[in-house]
Amino acid sequence: MTKKIYTKKEWMKTLAGLKSSYNIFVPVSDGDFHIFKAMDDKENPDFNFKNTRLSPKSVIYPQSERLFEFTLDENAPDANIIKQAEKDYFPQAIVGIRPCDAHAFQIVRPNFDNPEYQDPWWIQRYESTTFVGLGCNNPDSTCFCTSVGGGPFSEKGLDALLYDLGDTFLVKALTDKGEKFLKLAQGGKKPDKTALKASEELAASASDKIKNKVSTDKLKHKVQTELFEAPFWDEVAFACINCGTCTYLCPTCWCFDMQDEVFKKQGDRIRNWDSCMFPLFTLHGSGHNPRARKVQRVRQRFMHKLKYYVDKYDNGVQCSGCGRCIKNCPVNIDIRKVCELMNS
Amino acid sequence: MLEYVEKIRETAIKLFKDGKVDVFIGYQKGSIPMMNQPVLINSADQAGLLYWDRNCGLNLCNYLTRRTDRIGIVANGCNSRNIVTHITENQIRRDQLYIVGIPCKGMIDHRAVQRAVKQQEILAVEEHSETFTVKGKDFEETFNIKDYLRSNCLVCTHRNPVIFDEIIAQPVEEQSGVDAYKDVRQIEGMDSENKWNFFTRIIDKCIRCYACRDACPLCYCPTCFVDESKPQWVGKSIDPVDTMTFHILRAYHCAGRCTDCGACERVCPMGIPVRQFTKKLNKDAQEFFSWEAGLSLDQRPLLDVFRPDDYNDFIR
């Protein structure tokens with residue numbers, strides 16, 4: 001597999017040169033935090049970041065996306081006929097995605113792409129995407145990727161991986177998609193032995209910097225109904241205000257709601273992110289709500305991530321250990337603590 | 001305000017021992033720096049969990065709504081004003097509450113602290129009486145608390161609780177001569193296009209998580225208008241028109257009720273200055289009706305009183 005080394009300045013130029021081949025999404029500084037944005041003339045990538053406030057899940061799975069359209073104009077030949085909205089699946093690349101976020105797409109994948117159901121929008125967008133990761137030299141104290149099957153230099157779900165060696169980026173292709181990306185990427189040199197050694201040492205030392213250890217080993221063997229009825233849920237849920245921060249910032253939360261919106265005679269069927277924290281999420285047409293109480297909703301979020309997913313897919317937990325919910329929960333509900341409670 | 005911690009614990013223990021409360025609501029120390037967690041304890045032996053420092057910037061009144069038991073609760077100035085509002089709006093009864101008053105010296109603006117250390121990760125914060133020390137992997141810095149107070153605390157004129165059953169320390173001196181509405185006047189001075197642009201810009205990062213609404217003790221409607229589905233009042237996508245509708249309507253629902261506790265701004269994951277929506281309404285309430293929310297149990301809320309002799313023509 002190809003390996004190249006770029007000075008950081010050269011890398012920026014190379015990325016700009018790739019814009020005709022890919023829509024490129026990069027971390028951009030936006031006030032107090034970073035977010036992924038499409039690289040254009042206004043947005044400069046900033047790879048000197050911990051992780052972005054929002055995960056890059058919206059690059060594959062937008063918060064709001066028009067899937068179908070229809071016209072209510074009775075005079076139109078296709079009146080009231082719902083048609084797929086046209087989509088552009090031009091190749092795109094997420095450059096600088098952290099390994100936890102790339103791993104998250106692998107965690108999410110069985111939901112959108114399995115033998116029974118294939119979500120054409122998610123799959124096509126996913127397949128048109130090249131994931132160019134950036135290893136984490138300095139993971140945060142809230143990171144726990146190593147407890148959930150990842151690591152600061154994990155290659156899971158990545159097509160290429162960048163090593164930040166100070167003044168240079170060493171980039172390593174990991175898949176055919178990654179090879180193609182590096183072939184199209186202008187410039188760069190073959191890395192010498194010193195650089196290769198430095199990159200290996202960097203990766204080895206980064207894992208040790210993650211001090212968190214969250215136990216997930218017993219989750220699979222727990223009895224679902226017993227966990228469901230566990231005595232700790234009231235205590236876990238007390239502080240929760242049932243906002244959507246955790247679910248919307250989470251790279252592995254995938255739930256959505258379908259809405260029809262009509263303006264004059266033009267109608268759109270839109271898919272929007274939804275959140276199990278919201279009462280409306282489970283409200284039935286009858287008016288009955290099976291999760292009417294806060295504690296039921298909080299329990300659902302953790303049971304889904306740490307038990308139902310584990311049982312259904314046999315693919316570990318539905319969490320990549322990015323720590324966003326820990327850092328940003330308005331009331332400090334800490335998934336590490338809840339996981340320990342569930343696993344104990 | 002660490003000196004309050006022991007006092008709060010002692011008070012809670014006494015309340016449980018005297019059988020005065022069934023539960024006690026306060027804060028416990030959070031799992032990350034500059035973050036505490038609302039906690040409910042059921043017995044005196046859990047009192048050791050209770051904590052209080054300059055990072056208790058949510059609003060505990062949120063957790064009182066329609067409870068039926070007897071509750072002990074800590075309340076600083078703004079939280080106590082929300083408790084008053086809750087009582088006058090029939091969300092809780094006064095005789096259910098044992099309010100432990102906290103003379104508040106203001107909360108720390110965690111975002112400003114993050115900025116001051118250039119967004120490096122903060123691993124520990126030590127609070128002293130006038131200063132606090134922030135520690136990270138390769139840095140340690142000490143700041144004056146007064147330079148890092150939250151913007152709502154800087155203009156607060158009700159630091160002491162307005163209602164309490166006991167107060168855990170001598171009242172603190174209230175701030176005087178603060179200019180609470182400088183920013184609002186600036187916006188008032190804009191033409192309508194610039195005003196619209198201003199508010200459009202501040203919400204352009206909104207992800208519709210509703211944390212601002214959910215952290216607000218005023219937002220206790222059984223079903224919020226954004227969650228209504230029959231009829232549906234507002235679109236669910238991130239279309240800017242729908243997002244703006246949410247923010248403006250939310251703010252108007254708080255008119256004459258907001259105590260500027262700042263919880264909405266504290267919780268926003270995107271750092272939106274949400275108070276810009278409610279502050280103008282607070283200013284209007286004060287200027288047109290000499291009204292500040294939640295100061296007395298004897299006053300009906302601003303927008304549910306009618307006086308035949310009202311000086312305004314439109315109401316007669």
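**Exercise 1.** Find how many residues of domain 1 of chain B are in contact with how many residues of domain 2 of chain B.

*Solution.* Take contact to mean that the C-beta atoms of two residues, placed from the backbone, lie within 7 Å. On that criterion, 21 residues of domain 1 of chain B touch 19 residues of domain 2 of chain B. The domain 1 side consists of eight nonpolar, ten polar and three charged residues; Ala, Val, Leu, Ile, Met, Phe, Trp, Tyr, Cys and Pro count as nonpolar, Asp, Glu, Lys and Arg as charged, and the others, Gly among them, as polar. The bounds, from an automatic or database domain assignment, are 1-106 + 158-178 for domain 1 and 179-316 for domain 2 of chain B.

The model is predicted: local features need pLDDT of at least 70, side-chain atom pairs count only at pLDDT 80 or more, and totals for chains, interfaces and linings use all residues. Residues are numbered from 1 along each chain as its sequence is written, and chains are lettered from A and ligands numbered from 1 in the order in which they are written.

**Exercise 2.** State which strands E4 of chain A is joined to by bridges.

*Solution.* Strands (E, at least two residues) and helices (H or I, at least four) are DSSP runs, numbered from the N terminus. Two strands pair if DSSP finds at least two bridges between them. Strand E4(A), residues 64-71, is joined by seven bridges to E11(A), residues 266-273, running antiparallel. Within this pair, Glu65(A) has Arg271(A) as its bridge partner. Two bridges link E4(A) to E5(A), residues 83-84, also antiparallel. There, Phe68(A) stands opposite Gln84(A).
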